[in-house]
Amino acid sequence: MAPRPGFGLSGSTIDHYKVLLEDEEAFAHLTAMVNKLANADVPAPVLEALARARLTALTKPGGGIRGIATGEAFRRLTSRVLARHFATQFDLATRPFQFALQTRAGTDALATILRYCTDANPAATVVCLDGRSAYDTVSRAAVLAKVHECTPPLLPYVKAFYGAQSSYSWFDNQGTVHDIVQGEGLEQGDSLAPALFALAQHEALVHASRTLPAGDRLYAYLDDICVLTTRDHARHAYDVVSRAIEGHAGIASNVGKTRVYHQDPGPPPQA
């Protein structure tokens with residue numbers, strides 16, 4: 001029988017672990033278990049079982065399929081703890097480009113910056129890029145390298161789940177299970193995934209920022225990238241940023257979602 005949607009393969013949920021918070025001894029055991037997993041200090045068969053996830057196929061509004069991997073509840077709990085524990089390090093390691101981490105006001109802050117700049121200078125042009133299947137294609141090598149550099153204590157845990165090919169289970173309408181393997185990318189159901197994604201992309205943004213003309217500015221909200229530039233530099237800005245992200249992080253630009261904005265009523269930028 002297929003597990004219910006939203007559950008891992010074992011069917012366990014976070015609620016199963018909440019009852020352990022009501023007893024001091026049980027909570028101590030839970031804490032010890034989380035610490036063990038956080039350090040990947042558990043037997044290989046246990047890691048292998050926790051690495052498997054239930055894959056749910058969702059139809060995108062614009063067409064296509066998005067796969068959401070729902071891992072085991074205990075692994076999701078551990079990832080959530082680690083995401084909070086390393087939040088400050090993640091934020092510092094992805095500055096000044098990344099607006100998706102640490103604060104919930106990141107979207108508003110980024111929108112305010114772009115609105116202010118375009119209001120102050122109607123000739124200012126914003127080029128917006130979106131990654132194609134970004135979470136599924138981001139380079140795991142880039143993830144591991146940046147984790148090793150910025151948060152080395154986290155490396156054993158990340159390597160345990162993203163250091164080798166992943167295997168996910170998808171159940172069709174008849175309940176038949178199909179194994180789906182994946183060698184790159186992150187799981188969108190993993191609480192650590194946004195931070196790991198931002199880390200993997202960071203060096204690409206650093207490289208692109210150094211290559212862009214003086215005065216251009218680069219901003220990111222995960223795979224949504226905005227370049228504040230001029231109309232004459234818009235195409236060059238797109239080429240620089242898209243090539244850097246694909247070359248450093250393995251994420252190709254989704255040309256169909258590229259948008260260019262400016263308030264100047266003159267002709268559009270060069271295509």
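User: Which residues have the most contacts inside the largest nonpolar core?

Analyst: The model is predicted: local features need pLDDT of at least 70 and side-chain atom pairs count only at pLDDT 80 or more, whereas totals for chains, interfaces and linings use all residues. Residues are numbered from 1 along each chain as its sequence is written, and side-chain values use heavy atoms, with hydrogens and water left out. A nonpolar core is a set of buried Ala, Val, Leu, Ile, Met, Phe, Trp, Tyr and Cys residues joined through side-chain atoms within 4.5 Å, where buried means under 20% relative accessible area, exposed over 50% and partly exposed in between (1.4 Å probe, protein chains only). The largest such core has 61 residues, and those with the most contacts inside it are Leu 154, Leu 186, Leu 196 and Val 241.

User: Which helix supplies the largest share of this core?

Analyst: Helices (H or I, at least four residues) and strands (E, at least two) are DSSP runs, numbered from the N terminus. Eleven residues of the core, its largest share, come from residues 193–211, which form helix H10.

User: Which residues does Leu 196 touch, not counting residues up to four places away in sequence?

Analyst: Contact means heavy atoms within 4.5 Å. With those sequence neighbours set aside, the partners of Leu 196 are Val 143, Val 147, Val 158, Tyr 162 and Leu 186.

User: At what angle do helix H2 and H4 pack?

Analyst: Axes are lines fitted to C-alpha atoms, for helices over the stretch in contact, and angles run from 0 to 180 degrees between N-to-C directions. The contact involves Leu 30, Met 33, Val 34, Leu 37 and Ala 38 of H2, and Phe 74, Arg 75, Leu 77, Thr 78 and Leu 82 of H4. Angles under 35 degrees count as roughly parallel, over 145 as roughly antiparallel, 65 to 115 as roughly perpendicular and the rest as oblique, so H2 and H4 are roughly perpendicular to each other. Their axes lie 10 Å apart, and the angle is about 80°.

User: Why does the salt bridge between Asp 190 and Arg 75 tie together parts that are apart in sequence, and by how many residues?

Analyst: A salt bridge is a side-chain nitrogen of Lys or Arg within 4 Å of a carboxyl oxygen of Asp or Glu, and this pair meets at 3.5 Å, N to O. Because Asp 190 lies in the loop between strand E5 (177–182) and H10 while Arg 75 lies in helix H4 (residues 73–85), the parts tied together are apart in sequence by 115 residues.

User: Which residue in the turn of the E6 and E7 hairpin has a positive phi?

Analyst: Strand E6 (residues 217–221) and strand E7 (residues 224–230) pair in the antiparallel sense over five bridges. Arg 217 stands opposite Leu 228 in E7. Two residues lie between the strands, and the one with a positive phi, about 55°, is Leu 222.

Terms used
Pairing = 2+ DSSP bridges.
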